[in-house]
Structures are given as structure tokens and as C-alpha cells.
Amino acid sequence: MKTDIEIAQSCQMKPIMEIAAAAGIHEDYLEPYGKYKAKIDYNLLYQSPAENGKLILVTAINPTPAGEGKTTTTIGLADALTRLGKKTVMALREPSLGPVFGIKGGAAGGGWAQVVPMEDINLHFTGDFHAIGAANNLLAAMIDNHIFQGNELGIDPRKITWKRCVDMNDRQLRSVIDGLGGRVNGVPREDGYDITVASEIMAVLCLASNIADLKQRLARIVIGYTYGKPDEQKPVTAGDLHAEGAMAALLKDALKPNLVQSLEHTPAIVHGGPFANIAHGCNSVTATKMALKLGDYAVTEAGFGADLGAEKFLDIKCRMAGLKPDAVVIVATVRALKYNGGVAKADLNTPNVAALEKGLPNLMKHVQNIQEVFGLPCVVAINEFPTDTAEEVQLIADACAKRGVKSVLSQVWAKGGEGGLALAEEVIRLCDQPNNFRHAYELDGGIEDKLNAIVQKVYGGNRVVLTADAAKQVAQLEKLGYGNLPVCVAKTQYSLTDDQTKLGAPTDFDVTVRQVKLSAGAGFVVALTGAIMTMPGLPKVPAAVNIDVDESGKITGLF
């Protein structure tokens, strides 16, 4: 059996100009990056007279070590829609180097449902993440230089909230002390690093509509607070440091979405990549809107399970961008549901109907959320594995039918678009169904009210519990006028709770928020729960140890 990278390397790609022409992108809006990838001028959005197509969101159950295949399903579905004669464009996130070299691997799909050139997409791509990191760290440098040069704004070094970033899993950098070595080397202070995808710059880029909007958002970023008693401290912004212009200059090309193709030559716009467990988890608004403008059907995804990526897509991205999904696909696997039912990873290939039945409530909770909380029509895509049995697949189908949702066997990994035809047909049907889309909460409540709405409606818990520090932070943010912003919950992706060991669909639990921080440029408040961290670490045996390149430039070990 060929590996993902072998399949991708065996693909005969079309020149990107052909893919653009098929998508209806005039060459005046295209900036080629070699033969097989290009950037699209975002002005296409405002100058094209085309009507928007249908928007399809692909999400999933809570992820497990068994794998779910959300991106693979997204790509296979887009290819299947194309096979059915529908003009289709997909919008995906860019992979972060941290997971590529860590434990998760790449994010270009798998099997015969991939976007290519896979190696480029997973490694550097068009340099977007490097530009985001450079803009983030330019702001950090300007903060410390301002303090060094006399601190006219009165920034309290103990109250700086802005961190540096790097696009790599590096736990050693979570907490550092810098500025050591004497006065000429800066002012010593506690500092830290986030992974680039967790930077607010990433969220700003993904939510900005053009250069003017980008600069306004960058200027609003709060980097820390002034000296004084708690009720006297004032927020200091990137605009106060006059940093937004230079940061925007670094980001001007990164703001343009990237065009690539699937193995079956369906156009794919790959742009932005915030993690859904620590950020809002969606590709850029520009990429999604461009896919809608170019295709009769736009297929996009949101990171991790529906409790994270989909909730943030629907409550944050759709609210800000005025988007309304027409249908939702919830991806599940027999193996992952058996894992939720208590089966060890090593035993997941063994048929076990009892464990599957025990794990099904996790899927049913996500279905309930999409249908009842958000009012959207959905279909369950059972991502097929060779070890699945007919009895196990039927059990999922029966459980879905009781909830009034159809399940479809997806074989896109093995067969590409051909294996997703049944799924595509159901998605087309759903797009014509009544749609009562709504958000899980309104913006006029306080921060704690919105957190409670998410915990109770989406997670199925009792309430949110704020630590003493978090309660103070909420009070300060509301006093400063930020209480009406959406909330972005950072929590474990493995559970509906803030405890990754609680699988399935737990009930009677609280969610503890230990820190609340402001992302004023992005336009939301971030609530950190449990032990979630914004700088991951590498596993005992990182994927990096198996990645190599030979003298001809052929890469191996990338998946």
C-alpha cells in the first residue's frame, strides 16, 4: 500500500494557471509561486459580479488517537461534488510546522483525497506563517525597545500580555526571562512564547477583509497595561506604539489566499491556520468568501471536534463575516467511537459492538448541537477503515436515524471523489432544506454569561467556574468595555469537558476557566480552561526523526 506522500508524489498535477482558469480566476488576479501554487488578489472578492454559492461546513466528533479524517473527508467531498458536475471550490487551513514535526503530522488530507503539492503545503508553503511570526515578533521588539528608550507610555513590564512566537513545538520557550546581560541588552523581565498559530496576528489575518481592515485590527491589539493601581491601569495598544503600518507591510502578501489543487484537480484555497483548541480554528474569512464567490458549492472545515472548531466557526467567524452555512458534515469513524467507548488504541481493529454503542453518545451530542443549538441540517460521514464491520456501520446508521439524521459511508481515502458520491448527493439535498441558523449565545450578555451558554448548550455541562484570577480579569475587561465581544474557549480537544480523560458525552460537570485574556484586534475574548497551553511540546518520538530528504530532493517520512 502506498503512503500518503507516495500517492501525492505520483500525482500528475495541472499547472496552476489551468486550475485558476477552471475556477474562473482571471490571470490579472493571480500571482504564481512556481508552477503549482499561486496567491489570489483579495480584490477579486469586491470586483466579481458572481453570486455566492452554497456553504458546507465539515466538522467531526472529538478527536482520538484512532483518527477521524476531517480534512480527508473535506477534500473527498469537494472532489465528489465536482464529479457530479457541481462547480466546487474548497477552503482549507494551512498546516503548522509544529504538528508536522511533532505527533499530528501534516494537514493536506490522506490517501486519494489530498491537496497538492503536499510537501510544499506542509513545509513553508508561500511563507505566510513566517510573515505572521515576523509581524508578531516585530511588535514584541517594539514593546521592549519602547521601555528601553524611556517608556513614555508608562508600560508596566509586569503587565505585558504580548508574547513572542515561533512555528514549532518547543516547550522550553513557554516561560523565559529575557533582557539579561546588562543595560545595553534591554530591561530584564519575564516573557514567553506561543506557537505562531496561537498568535493573535494569525486570528487578525484570518478575520481581516483587506489592508485597511488589517491595519485597524492590528492597531487595536492590546499589548499590556500601564503602571498604576488596578483601577488606574490603562490598556496599551499596538497603535499607541505606531506599529500597525510596519506589521501590515510584513503581512501584505500573507493576506492573499493561496490556490492549489486536489489530486483530482478541484481548486483548493488554503489560507490561515489557527488551532481550534487554543484559537478560533478556521481558515481565513477571505478564503471562505472567495470559495463562495468562485463555486456553486464551497466546502470548508473547522478544526478538531464540533465543540471547538464548529462552535467557533458558527459563533465567531460566521457572526463577524455574515456567513450562513447551508449544510454541515459531521465526520466519525467506527474506531474513534470504540475508543470513546473505552477500548484501548491497540484493540480498535477488533470488532466490538458493545464498545461502539457505549461511545456513540459522543457523536449524538455533536449531532444534537448542530441540529438543535445551531439549527442547521447535517449528515454523518462514516470515514471507512478496512477493519470496520457491517454490523458496526449499521449500528451507527440506526443511531443516527433515531435522531433524524442520515449517515453515509465515506470511502474517499481509498477511492477519492468516487468514494464520496453518496455523501455529496446527501449534502446537495441538505443544502436545499430549511435552515434556521442561530448562534449559541447573543453578544449582549456578560463574558461569564456567554461562557455558561457554551458550557451548558454545547458541552452539556453545568456551568463555568472562574478562578479568582479569571474573575478579576473578566471584571477588568468588562469595565474597559470589552464585555460584548464573542468568547473563544481554549480547552482540550479530546473531551467535551476540560478534562481530556472524560470521553464519550459526560454530564454533571463544571468547566474551570483559569485565565481570560483579550484579543481586541481579532475581536474576541479568549478563556483558557484546564491545562491547555498555547505552546505545545514534542512527543517522546517526534515525527521529525522519520523525515528525510535524498540528494534528488525527494522527501520521505512526511505524512
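Predicted model: local features only at pLDDT ≥ 70, side-chain atom pairs only at ≥ 80, totals over all residues.
Colleague: Which residues of α2 are buried?

Modeller: Helix α2 spans residues 16-23. Buried requires under 20% relative accessible area. The buried residues of α2 are Ile 16, Ile 19, Ala 20 and Ala 23.

Colleague: Why do the buried residues lie on the same side of α2?

Modeller: The residues in question are Ile 16, Ile 19, Ala 20 and Ala 23. They share one side of α2 because the arc they cover around the axis is only 100°.

Colleague: What do the buried residues of α2 pack against?

Modeller: The partners include strands and a helix. The strands are β1 (30-32), β2 (38-40), β14 (258-262) and β15 (267-270). The helix is α11 (285-294).

Colleague: How far is the nearest cysteine sulfur from that of Cys 165?

Modeller: A disulfide needs two cysteine sulfur atoms within 2.5 Å. By this rule the model has zero disulfides. Cys 165 is in none, and the nearest cysteine sulfur is that of Cys 206, at 13 Å.

Colleague: Is Cys 431 buried or exposed?

Modeller: Cys 431 is in no disulfide either, with the sulfur of Cys 378 the nearest at 12 Å. The relative accessible area of Cys 431 is 4%. The cut-off is under 20%, so Cys 431 is buried.

Definitions and conventions
Residues numbered from 1 in each chain as written. Heavy atoms only, no water. Buried < 20%, exposed > 50% of the residue type's maximum accessible area, 1.4 Å probe, protein only. Helix = DSSP H or I, 4+ residues; strand = E, 2+ residues; numbered from the N terminus. Arc of directions from axis to C-beta. Contact = heavy atoms within 4.5 Å.
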